[in-house]
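User: I've got a model open and would like to go through it piece by piece. Can you take my questions as they come?

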Amino acid sequence: MSVSQIPDIGNGLQNFRIAPSNNPANNTFSHQSNPVLSFELPSSNVILNLKTLRVVGKMRIRYNTAPLGVANTRIDQYLGVNSVFQNVSWSSKNSRAVIERITNYPQLINTLLPALKDSSAFRNEFGVEMLSSQSNNFTEKFILEKMFQNSGVDGLDFSTPIFTGMTMASGDKIPLMPIGGLLYTCELAPSSAVFNTTDAQQPEYELFDIALVGSYYVPEMAEREAIVSMGSGEVEINTFTPLYSTVQSTNQTQTYSLGLSDVISVLWSFVPASFINNYQFNQNQHMRITQGTSSNQLVKINALRNGVQLPFNYDLTVEPETLEAELHKYYLMALKKIQNITHSAVDATTNDIRFAYGSSGLPITAINQRSELNKLNVAYGVPYDVLGDLAGVNFSGSPLTIELQSTLSDGTSNAQFVFVLHKAKVAYGSEGIRVLN
Amino acid sequence: MSNTDLPDALKFQNVSNPSSSKQYSLKTQPVSFSQSKARFEIPRQGILSSNAMLQFSGRTGMDNATYTMLVGCLAQVERATLSTASGKVIMDNRHFSEKQVCEVPFRGNTYNTFKAPYLNMSYYGFAPPLENEDATDTVGTIRPSSIQYLNATGSSIAPQKSVIFPTTGQQLLTPNNIPSVQIQLAQMFPFLYNTQLPVGSMEQLFLDIYWRPDSAVGRLFVTRSGTAYASQSFPVNQVDTFLHTDHITYDDPSVMEEIENRMASNLQFVYTDCINQLVNTPVASPVTASIATLQADLGCVNYKLTGVKNIALEAFAHHPAFGFYYSYGEYTNRNINLVINDSQMYPNNNQTQAENYTRLTKIYDMPAQIPKPLYSGGRAGTDGFPTTQLFNGFAQLDFWGGDLNIQAIELKDEQGKALQNGLAPIRLIYERNVSASYQAVVPQPLNKAELQYYFIEYLRSFAVSGNGNVMVSEFI
């Protein structure tokens, strides 16, 4: 039901709640049984503010998969329920043309949120909405213990925002009819990617009572008719393009043919490749380059466009065992105009290489990973938009090269998750939609 | 609220054409004062700046007493009224301190932890435990942030010293060291946050403050466990009660002329007012019920609605730290739905607590500073807060869990347009339910009556005519 659109009565607010279009009979999604969630937003003459969207529902540990309790089990402290969404995508509902697809979605969130939000946000809104808290102990007590009940009834409710370029960085509200409606798809991650545990029993998660909620703006009659008759046009969006690489040597040169014209920034993070889909470890934590049980530092970064240094016209070098202030500064600048970042959940107390997870006092082990002292979240970035006006650099036909030098001295394989933030345009017309990068 | 049509000088913002001005700051005593009411004449001079403050100091009859944690001294004001000499009431803010339960968490943790204790002696705010605190008390918990430790192990904490009142003995000394507190006029009349009134050209305005009596523990003050409640018959210190106002006059006569010219054709101020509806929720029957529903009319025919806020007091009981300023929410779900213009505002009637929190974030475009266990202590049981750590002498246990479950519904649309109600009253559909597994931890939580406060915000207006007369309207 909606607010009446009788002239002079009501207004343009219309709240909606959309169940997954592929909702199974048992109302439950999991990686083993129903690993894909799809939500369809109609091709209707209304306007959608994507920032109002939330995926809501409940999460629980499947009956009898953690009979020993959860004392030795954690989910990522910065991600909460978002650990379960492995890949997400936005498409046109009618044409199925993909507008934005993000693989390794948890890694993207961990690249963005801990730097842009502060500890207070994790203690308050993210705790309630996303089941994340920046605290491993809190996660055990208030998240996992409530998910675990071995009766399979309640679960823990969540209402998480969607962290894609479409929903986060785009100022425009989207008229749904010209782009043929929207389809939001989430592919679920395996439980081994969500939980890390040292128990022999391996917990599995389930999602149920899932829905997509938000609100439309329903314009006045004349405007609605105008939306119906919109012939062709463009909607500008900011979007992330995900890439993946591995680092297993001291010096590494990576070249990406992006084919993107308005690149705003490039962001990346590392996790040991052996952590991926490994119940013993958290594959979503952003760590330094790892060798054995200790962290290694990036000591030199070079970013090149077409073989020419850009934006740094020098080698960005870092003294070992320092706080890597310069790296951190450019990482923050890659996210936002730096003056506008006033609070951050990651800082020297969480990331100092002398004390953080991976230091000699807190070596990289499965037990230490769930320690309250482990709040490490290190990501790196190269900004191409230092003024913060989101005018990017043209990389179409000009490859991006990233040269990394680290203190890694053996062949340990470290997974590298790269995200390129750039502008794109969604052009719509009688032939459907096209995405222009 | 829309005040875009007002002259620049009446908006609380940087003006586009700066003109030199003079500020006169005045300190006004009440024209009448008792322990139930104080009346102030707002000085008629120039333009009243939005920075006006009410100052007073409180007295308590108990040792180790503090104001209640969340609202602090705001609890002393039961009702605030802004009216004119001709008897027109511009805004009558009843249940002012209950409404502040819905407002204070939006101020941000930094403000509430560091600034609010100086201004209004509240000490709301939560922090994770420090590494050197007693691990048995603090593993995985959060704790109030403005605290002092009462013993070496950290298992007993109390509010920070700066918000604790002098003992009753010290209050009788001269000087009696009773701390002054302040309330912004804009807190009582929110349209002053962005509007400045041309009081020099208006008929006389009066501010009436109705003080709340110290009738029970938790109404004004709380204290440590073991200290018996003692009422204070004179909780407001008359000699320290003032209204501080700042008045602006512009050197360029054209600025005031513009205002006066606009007044010649009735200068209209559009603002957001709030009416209150109290709804009693009875005990669910049978007492083992797992769902309790209630429907009621909330009125507001023809109003231009902007939002609804809600708190629920459980069984009329006070909280050891929050007093009577909290909102009970220890249910699996607690759901408010409204039927306006014969349409339900939300498609479903069974929203989770996480969804309820998301609604809150839309009210002020910022999140409320309410930690998860405090917002929805569903199935928190004895895991709510540190199990052995005493706060003010009371075991925290689960008495904190779910006790700040404030709710709100945004009714403006994307364009900021208010929702025009038609000729039918707002219909409330209220539901609280508990699952079987919840009841295993907290038995029979529906066996409690609730007193619910609904604060319904809507647009209305008043106009000032050329001779300064004020005309108020319920509508715009």
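User: What does the pLDDT of chain A average, and what share of the residues score at least 70?
Analyst: This is a predicted model, where local features need pLDDT of at least 70, side-chain atom pairs count only at pLDDT 80 or more, and totals for chains, interfaces and linings use all residues. Residues are numbered from 1 along each chain as its sequence is written, while chains are lettered from A and ligands numbered from 1 in the order in which they are written. pLDDT is the predictor's confidence in each residue, from 0 to 100. For chain A the average is 90, and the share scoring at least 70 is 95%.

User: Over which residues of chain A is the pLDDT below 50?
Analyst: The stretch in question has 20 contacts in the model beyond near neighbours in sequence. A contact here means two C-beta atoms, placed from the backbone, within 7 Å. The pLDDT is below 50 over residues 1-5 of chain A.

User: How many residues of chain B are in contact with chain A, and which element gives the most to that side?
Analyst: On the chain A side, 42 residues take part, and they meet 48 residues of chain B. Elements supplying at least two residues each to the chain B side include strand S21 (343-344), helix H8 (372-375) and helix H9 (436-441); helices (H or I, at least four residues) and strands (E, at least two) are DSSP runs, numbered from the N terminus. With six residues, the element that gives the most is H7(B).

User: How do the residues on the side of chain B that touches chain A divide?
Analyst: The classes go like this: Ala, Val, Leu, Ile, Met, Phe, Trp, Tyr, Cys and Pro are nonpolar, Asp, Glu, Lys and Arg are charged, and the others, Gly among them, are polar. On that basis the side of chain B that touches chain A has 20 nonpolar, 19 polar and nine charged residues.

User: Which residues touch the most other members of the largest nonpolar core?
Analyst: A nonpolar core is a set of buried Ala, Val, Leu, Ile, Met, Phe, Trp, Tyr and Cys residues joined through C-beta atoms within 7 Å. Buried means 20 or more other C-beta atoms within 10 Å of a residue's own, exposed means 12 or fewer, and partly exposed is in between, with C-beta atoms placed from the backbone. Strand S24 (residues 414-429) of chain A brings the largest share of this core, nine residues. Of its 233 residues, the two that touch the most other members are A:Val420 and B:Val101.

User: In the five-stranded open sheet of chain B, which strands stand at the edges?
Analyst: The order is S2-S3-S14-S7-S8 (chain B), with antiparallel pairing; strands pair if DSSP finds at least two bridges between them. Each edge strand has a single partner, so one side of each is left without a neighbour in the sheet. The edges are strand S2 (32-33) and strand S8 (89-94) of chain B.

User: How many bridges join S7 and S14 of chain B?
Analyst: Strand S7 (residues 77-84) and strand S14 (residues 205-211) of chain B run antiparallel. B:Arg79 stands opposite B:Tyr210 in S14(B). The number of bridges is seven.

User: Is B:Tyr229 buried or partly exposed?
Analyst: B:Tyr229 is found in the loop between strand S15 (221-222) and S16 of chain B, where it touches B:Met62 and B:Val217, leaving out residues up to four places away in sequence. There are 14 other C-beta atoms within 10 Å, so B:Tyr229 is partly exposed.

User: What is the number buried in strand S1 of chain B?
Analyst: Strand S1 (residues 21-28) of chain B is joined by eight bridges to strand S16 (residues 242-250) of chain B, and they run antiparallel. B:Lys22 stands opposite B:Thr249 in S16(B). S1(B) lies largely in the open, because of its eight residues the number buried is zero.

User: Which peptide bond into A:Pro311 is cis?
Analyst: A:Pro311 is found in the loop between strand S20 (308-309) and strand S21 (316-317) of chain A. Omega is near 5° for the cis bond, which runs from A:Leu310 to A:Pro311.

User: What is the phi of A:Arg96, and is A:Arg96 buried or exposed?
Analyst: A:Arg96 is found in the loop between strand S7 (85-92) and strand S8 (98-102) of chain A. With 11 C-beta neighbours inside 10 Å, A:Arg96 counts as exposed. Although A:Arg96 is not a glycine, its phi is positive, about 65°.
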